[in-house]
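Have the picture open while you read.

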Amino acid sequence: MAAQGDYNTYFVREIEKNDGSLLKVSQCFIGDVGCVVWDAAIVLAKYLETKQFYDPSSGVNIWAGRRVVELGAGTGVVGLMAATLGAHVSVTDLEDLQSLLRVNIHDNQILISGSITAKVLKWGEDVSGFLPPPNYILMADCIYYEQSITPLVKTLKLLSGPETCIICCYEQRTEGFNPKVEKQFFELLRQSFNWEEIPSSKQDSDFSSPDIHILHVRKKV
Ligand SMILES: C[S@@+](CC[C@H](N)C(=O)[O-])C[C@H]1O[C@@H](n2cnc3c(N)ncnc32)[C@H](O)[C@@H]1O
């Protein structure tokens, strides 16, 4: 299946799952930031497979049957991983990314044991189509753009309930506006959410990095 529109030339990145199967993720040569797989997405996707979430040898699978919404999904690799582990996933992004998301869903269908659908969700806008609140909200490398910080936190507030766990993975960047944008995000987040940082010992041993952070974020009660 070929991606349509402006995003019509693409190349494939393979991500190996712990069971040896391969997620085949198309990326575009031409397009905005969402059309390639960012490192934070790989770290988060591999974190979803760690034993605390998924351990077939002891029958642990917290993803089975869980409702998951991925924000700013880009290529959709994180949501795809969750869907291969049994979750019911909506991978969301702007309209421009929908054809690429559909290509990646189509090309990985054989690995999916839950379900996955691509949908438009622009931060700050109506989320009623995604309610009741999902069990998990996943986001990789979504803290990077000053104008989107307020709408992003608004979406987190609208979409999450008291039981929702937001798993936020971001690459800490020291250049340009990035430190300011991060600071703004966490100041705004603090008003309505608490979070804990996941130590590298609980992340995938091969796919982690000191400058990529994983947080579990929950709404204040
Ligand atoms: C740096 S990319 C990360 C993509 C993907 N999560 C990854 O890590 O590979 C940021 C993503 O956020 C999406 N995005 C940016 N602003 C958005 C907005 N206002 N509403 C929804 N998505 C947005 C972009 O389209 C892009 O896919």
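## Backbone contacts to the ligand

Start at Ala-140: one of its polar backbone atoms is 2.8 Å from a nitrogen atom of the ligand. With the protein around it, the ligand loses 94% of the 590 Å² it would expose on its own. Keep in mind that this is a predicted model.

## Who's around the ligand?

So where does the ligand sit? You'll find it in the largest pocket. Around it are 18 residues, and the closest are Trp-38, Gly-72, Asp-93, Trp-123 and Ala-140.

What kinds of residues make up this shell? Twelve are nonpolar, three are polar and three are charged.

## Rings that pair up

Now for the aromatic side chains: the model has seven aromatic pairs. Take Phe-53 and Trp-63, whose ring centres are 5.2 Å apart. Their planes meet at 35°, which is why the pair counts as tilted; a stacked pair would need planes under 30 degrees apart, and an edge-to-face one over 60.

Which parts does this pair tie together? Phe-53 is in the loop between helix 1 (39-48) and strand 3 (54-55), while Trp-63 is in the loop between strand 4 (60-61) and strand 5 (67-71), so the pair links parts that are ten residues apart in sequence.

Definitions and conventions:
Residues numbered from 1 in each chain as written. Predicted model: local features only at pLDDT ≥ 70, side-chain atom pairs only at ≥ 80, totals over all residues. Heavy atoms only, no water. Near = heavy atom within 4 Å. Polar contact = N/O pair within 3.5 Å; in protein donor to acceptor, adjacent residues only side chain to side chain. Areas by Shrake-Rupley, 256 points an atom, 1.4 Å probe, with all protein chains shown as cover. 1 Å grid on protein atoms, 1.4 Å probe; cavity = no way out; pocket = protein on both sides within 12 Å on 5 of 7 lines; lining within 4 Å. Sits in = over half its atoms within 2 Å of the grid points. Nonpolar A, V, L, I, M, F, W, Y, C, P; charged D, E, K, R; others polar. Phe/Tyr/Trp six-rings, centres within 6.5 Å; stacked < 30°, edge-to-face > 60°. Helix = DSSP H or I, 4+ residues; strand = E, 2+ residues; numbered from the N terminus.
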